[in-house]
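Please read them beside the coordinates.

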Amino acid sequence: MNGPQETEMSQARETTSSRFGFLMLAAGSAIGLGNVWRFPYMAGANGGGLFVLFYLLFLLLLGFPVMCMELAVGRASRRNLYGAFRDLPEKRPSLWRFPAGVAFSGNLILMIMYTTVTGWMLTYFVDFLTGRLAALSTEAELKNQFTSLMNNPGKMSFYMILTVLIGSGICAFGLRRGVERITKILMAGLFVLLSVLSLYALFLPGAGSGMKFYLMPSLPGDTNIFKIAGGAMSQAFFTLSLGIGALEIFGSYTDKKNSLATESILIISCDTLAALLSGILVFAACFSYGIQVDGGPGLVLFSLTGIFNHLPGGRILGSVFFLFLSIAALTTIITVFENLIAFMMDEWHFSRRKAAWVNFLVVGVLSLPCVFGFNIWRHIHPLGTKSTILDFEDWLISDICLPLGSILIVFFCCRDSGWTWKKFLAEVNTGKGLRFPAWLKWYAAVILPVLILYLFGLGIFNRFF
Ligand code: PHE
């Protein structure tokens, strides 16, 4: 954004410069660590092909309708999620204020884990560039490198704080148009790199078995099928950024020329392509270099370092890849920060600078437990190394906040006390392109929330029992 006057939601709202700009901005926010970091390790830990099948199914059954709803709420209200829930309903608007606030605070929870992992990507970028990773090739060496980073809270804090500083700094200077421009170039670059690398990875020895594991659904031996389904649902919400108004805000910046079902399909397709390509890359590498697929959150780091170190020019390629990945994560961070900042400006009348400062401090401090959860916390915590703070925060956002926030948005669009189905339908179908079918009302109002609630219950059950 270029000035405070443009951020005032009450005034004429800035729109993205073109449809392509809007799509790239929304896709740029959705595409991030969820696709390249989280998707492969979740698929690896949950049996591969079957997880991927559930994931694709949930993108269609859950992701598509919820995305249409988020975008429609944004486009109709021209507000952030909280403001939209306050201003759109004609009857009983006060009913929606508290839950909207809770859903919105999911943005903060997401930030306090996301910044640490983005910091890892930046670290790998710098370490590739300086040649520090060049000699690693065996599984043990690759994993040790990751473990030594986890044991180094100073280094992790440095890169985490750098991430928070860059994200809040860019928002402080108001660069939405700038971000739009960078995102376009970057997304194109990331796609080219992912495509070329995954094509190369397909020809690695052993890649075939990797693809079989990754793409052929098979019934798991000892893995619980419900756990796989629950994991796939949380991944679908996480990757599409649904439930906390992160996409809703882009709806509020777009014009009414195209139907929102068409826009949703395009965003989902870009996001899914990025995830599927990352999966090819990671699983081909794992099977080719003998890396276990259930390696957890470090999987993408050690498997890809393995690939780059076997490639001629791998050091350069590795640094470019981790640079792009860091920027993809940063674009997500910037858009989520922008959301938090816009909220503070609208609701609390903070200036842009002040809101950026407050976010820098709050997110910076609240992200520290995640960093210390890999080292200091493990030494003092009586339960030891069983689980990390990252793991807990990831569960809180992906299994709790995003599904619950999505149900809230679904209710808001379907209920007469909310925005009403009729108004939602009119908004989502404004513009050229695919229609959102009116007969889906029963699916949206009843089956969809039940399905999400069921999987939400599973997330809790799987964690505690
Ligand atoms: N979709 C983002 C990613 O894949 C993460 C995200 C989740 C962003 C929820 C905003 C809201 O990296």
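1. An N or O atom in the side chain of Tyr114 is 2.5 Å from an oxygen atom of the ligand. A polar backbone atom of Ala30 lies 2.9 Å from an oxygen atom of the ligand, and a nitrogen atom of the ligand is 2.7 Å from a backbone N or O atom of Phe238. The protein covers 100% of the 330 Å² of accessible area that the ligand has on its own (Shrake-Rupley method, 1.4 Å probe). A polar contact here is a pair of N or O atoms within 3.5 Å.

2. This is a predicted model, in which local features need pLDDT of at least 70 and side-chain atom pairs count only at pLDDT 80 or more, while totals for chains, interfaces and linings use all residues. Residues are numbered from 1 along each chain as its sequence is written, and side-chain values use heavy atoms, with hydrogens and water left out.

3. Which residues come nearest to the ligand? They are Ala30, Gly34, Tyr114, Phe238 and Ser241, out of 15 residues around the ligand (a heavy atom within 4 Å of it). By class, this shell has 8 nonpolar, 7 polar and no charged residues. Ala, Val, Leu, Ile, Met, Phe, Trp, Tyr, Cys and Pro count as nonpolar, Asp, Glu, Lys and Arg as charged, and the others, Gly among them, as polar.

4. The ligand sits in the largest cavity, in the sense that more than half of its atoms lie within 2 Å of the grid points. Two or more residues of the shell around the ligand come from each of helix 2 (19–30), helix 3 (33–45), helix 6, helix 11 (225–240) and helix 15 (314–348). Helices are DSSP runs (H or I, at least four residues), numbered from the N terminus. Helix 3 gives the largest share of the shell, 3 residues.

5. On a 1 Å grid over the protein atoms alone, a cavity is a set of points where a 1.4 Å probe fits but cannot get out; a pocket is an open set with protein on both sides within 12 Å along at least five of seven lines, and lining residues have an atom within 4 Å of a point. There are 2 cavities of 30 Å³ or more. The largest cavity has a volume of about 120 Å³, volume being the space filled by probe spheres set on the points. Its lining has 17 residues, of which Leu110, Tyr114, Phe238, Ser241 and Thr332 lie nearest the centre. Helix 3 gives the most to this lining, with 3 residues.

6. The second largest pocket holds about 210 Å³ of space. Among its 14 lining residues, Pro99, Val102, Ala103, Leu404 and Gly405 lie nearest the centre. Helix 6 (97–129) and helix 19 (389–414) each supply at least two residues of the lining, which by class has 11 nonpolar, 3 polar and no charged residues.

7. Most residues other than glycine have a negative phi. Ser241 has a positive phi of about 60° although it is not a glycine; Ser241 lies in the loop between helix 11 and helix 12 (248–251). Arg78 also has a positive phi, near 55°, and its place is in the loop between helix 4 (49–77) and helix 5 (81–87).

Terms used. Polar contact = N/O pair within 3.5 Å; in protein donor to acceptor, adjacent residues only side chain to side chain.
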